[in-house]
Amino acid sequence: MRLVLLGPPGSGKGTQATRLKEDLGIAHISTGDLLRAEVAAGTELGKQAKAVMDAGNLVSDEILLGMLEARLGQPDVAKGFILDGYPRNVAQANALDGLLAKISQPLDAVVQLDVATELLVERIAGRAAEQGRADDNPESVRQRLQVYNEQTAPVVDFYAGRGTLARVDGVGELDEVEGRITAALPKH
Ligand code: AMP
């Protein structure tokens, strides 16, 4: 199963992707986690990305593409994958098409987690208290939501236009939401 999980910041993508990884036995590729690992390791890429991430903006398409290409080349990806946090704009969606065509591993499904904006802000505030992410401060959260609406929401339309999109209600118990996602996946 090769799946893209879309949704605004705070919609539960990361949480659900972690569960789906276990239940489906596939790789979880979070571009946010990959970037945070670069920042923590103090690499050149991490140094470039940190300020952009802390401000709630998108790291360059070029950096993301290089990082993703390297990750997709790792052996665990052969079992399938969940992409969490990529693509974040239409240029990335097109780049992903090219990348997957090159390795003959097209997507099986794209699932959008729908959550109302008021709830997102509440959830992110909860996460900030728990995890202390540098970009979970109010200003950065506002910017991330704006970036989502301006740049990532068109990605939803991009996949909807192709008929590969399933929209799932992201509000409810974790099991319930996961059940909705798995029900929306094509049967193999
Ligand atoms: P996330 O953990 O998915 O919320 O990502 C945290 C931050 O990493 C985002 O606010 C962006 O600054 C950066 N990031 C993650 N994925 C991408 C992407 N596909 N394109 C650009 N920036 C990204």
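Predicted model: local features only at pLDDT ≥ 70, side-chain atom pairs only at ≥ 80, totals over all residues.

Colleague: Which residues make the contact between α1 and α8?

Modeller: From α1 you have Thr 15, Gln 16, Arg 19, Leu 20 and Asp 23, and from α8 come Leu 174, Asp 175, Val 177, Glu 178, Ile 181 and Thr 182. Sort the residues of this contact of α1 with α8 and you get four nonpolar, three polar and four charged.

Colleague: Now the other pair: at what angle do α4 and α5 pack?

Modeller: Helix α4 (residues 61-72) and helix α5 (residues 90-102) pack at about 30 degrees, with axes 11 Å apart. Angles under 35 degrees count as roughly parallel, which makes α4 roughly parallel to α5. This crossing, α4 past α5, is right-handed.

Colleague: What meets what between α4 and α5?

Modeller: In α4, look for Asp 61, Leu 64, Leu 65, Leu 68, Glu 69 and Leu 72; they meet Ala 91, Gln 92, Ala 95, Leu 96, Leu 99, Leu 100 and Lys 102 in α5. The residues of the contact of α4 with α5 split into nine nonpolar, one polar and three charged.

Colleague: And the ligand: which residues come nearest?

Modeller: Of the 16 residues around the ligand, the nearest are Thr 31, Arg 36, Asn 57, Gly 85 and Gln 92. Then check the polar atoms. A polar backbone atom of Gly 85 is 2.9 Å from a nitrogen atom of the ligand, and an N or O atom in the Gln 92 side chain is also 2.9 Å from a ligand nitrogen. Arg 88 places a polar side-chain atom 3.1 Å from an oxygen atom of the ligand.

Colleague: What about the backbone: which peptide bond is cis?

Modeller: As a general idea, most peptide bonds are trans, and most residues other than glycine have a negative phi. The bond from Tyr 86 to Pro 87 is cis, with omega near 0 degrees. Pro 87 sits in the loop between β3 (81-84) and α5. You'll find Ser 104 in the loop between α5 and β4 (109-114).

Notes. Residues numbered from 1 in each chain as written. Heavy atoms only, no water. Axes fitted to C-alpha atoms, helices over the stretch in contact; angles between N-to-C directions. Helix = DSSP H or I, 4+ residues; strand = E, 2+ residues; numbered from the N terminus. Parallel < 35°, antiparallel > 145°, perpendicular 65-115°, else oblique. Left-handed = near helix turned anticlockwise from the far one by under 90°. Contact = heavy atoms within 4.5 Å. Nonpolar A, V, L, I, M, F, W, Y, C, P; charged D, E, K, R; others polar. Near = heavy atom within 4 Å. Polar contact = N/O pair within 3.5 Å; in protein donor to acceptor, adjacent residues only side chain to side chain.
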